[in-house]
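Please look over the structure shown here with attention to its charged pairs and its surface. The report below takes these topics in turn.

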Amino acid sequence: MIEAHSQDTRRMPSSPPKGLLSGFRRFLAGSYPAGTAFALYAASVVILCIALYECNRRDGTLTASASGSLLFVILSIIPFLCLLLTGWSAYFSLVRAKWTGGVLTANLLELGQIVVLITAVPLIFFCCVAQVPAVPVALSQGARMFRGPLWHVTADHRVLIVTGEFTQGIAEAVEQSLAATRSVRIVVFESPGGDVDEAMRIGRDIKQNGLETGVATECSSACTYSFIAGRERILLPGAQLGFHACQKAVWYVECKNQKYSSYLAASGIDETFIRKALSVDPRDIWYPRPEELLAAHVITRTRPDGSGNRVVTHEGL
């Protein structure tokens, strides 16, 4: 009977493993081994530093497309949350272990607590001040750019129309469109802006092909860097060009206003106009009057709107 009972006992299934939620609670309560918790914290610090570095290094491209904005949000939030959780767990795991260890062990564990504090506090403060506030901006920008830019060549194969925000890949798409349709003579923009580097690359293609540029509704921010590359630059009636200084998602990333100033100057734009345009707060936008644009050589002419208005040129001023 005893033997049978022992055999039945051996056949009984083992107790079910503790759930993920229970393990997470133990982790936050500091019940994990101090060495494991500290190693996880150290790994989270390294990951966060890499994420911040990538956000800094790729700021212009991460926030210039819907997918890039999403990646920016992920790199800003997930490593930061991991640091908070692992820092909390590591600190209290070290406290618990110090109670049960010897004097030497207690000193080492106390040193570990100090390391956690002096690394976690500055990183958390930095993220709260610099990185996390940029997340809503990136989400909003990514939502606006979700559809991305659109482009098509008109039926007469003479006009390429580019609409929507400039995202990564738009310059290559425009380049391919121009290569496939050699009869295109003018590129018309309807865009609130986007990736400045993509816009400047489009501008170089326009200049190399000797094309004209036009604005049908609005061409603002980065879009203007493509527009001013035109051999002839035409502002249709009612259309607007908008300018402002370099915009950055996070305060510690330096804007390249000098680079953009040189680009505009090389296109023949008046230096006084450039200084004014690049002094406008990035949160605002300046829409100069057609007369100002003509005087500064930003546009070369406007076209009649069908009501008999004459074409305005430099010579007609």
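Arginine 201 has a relative accessible area of 31% and is therefore partly exposed, since that value is not under the 20% limit for buried residues and not over the 50% limit for exposed ones. In this predicted model, arginine 201 forms a salt bridge with glutamate 175, the closest N and O atoms being 3.2 Å apart. Because glutamate 175 lies in helix H8 (residues 170-180) and arginine 201 in helix H9 (residues 196-208), the pair ties together parts that are 26 residues apart in sequence. Glutamate 175 likewise counts as partly exposed, at 35% relative accessibility.

A search of the whole structure finds five salt bridges, among them the following.

| Pair | Closest N to O distance |
|---|---|
| Glutamate 175 and arginine 201 | 3.2 Å |
| Glutamate 212 and arginine 301 | 3.8 Å |

The salt bridge between glutamate 212 and arginine 301 links distant parts of the chain, with glutamate 212 in strand S4 (residues 212-220) and arginine 301 in strand S7 (residues 301-302), 89 residues apart. Glutamate 212 is buried, with a relative accessible area of 15%, and arginine 301 also counts as buried, at 18%. Through shared partners, salt bridges join Glu212, Arg231, Glu232 and Arg301 into one network.

Turning to nonpolar residues, Leu111, Ile114, Val115, Leu117, Ile118 and Val121 form a surface patch with about 520 Å² of accessible area together. One of these residues, leucine 117, is found in helix H6 (residues 103-131) and counts as partly exposed, at 43% relative accessibility.

Technical notes:
Residues numbered from 1 in each chain as written. Predicted model: local features only at pLDDT ≥ 70, side-chain atom pairs only at ≥ 80, totals over all residues. Heavy atoms only, no water. Patch = residues over 30% accessible without salt bridge, like charges linked within 9 Å, V, L, I, M, F, W, Y side chains within 5 Å. Areas by Shrake-Rupley, 256 points an atom, 1.4 Å probe, with all protein chains shown as cover. Salt bridge = Lys/Arg side-chain N within 4 Å of Asp/Glu carboxyl O. Helix = DSSP H or I, 4+ residues; strand = E, 2+ residues; numbered from the N terminus. Buried < 20%, exposed > 50% of the residue type's maximum accessible area, 1.4 Å probe, protein only.
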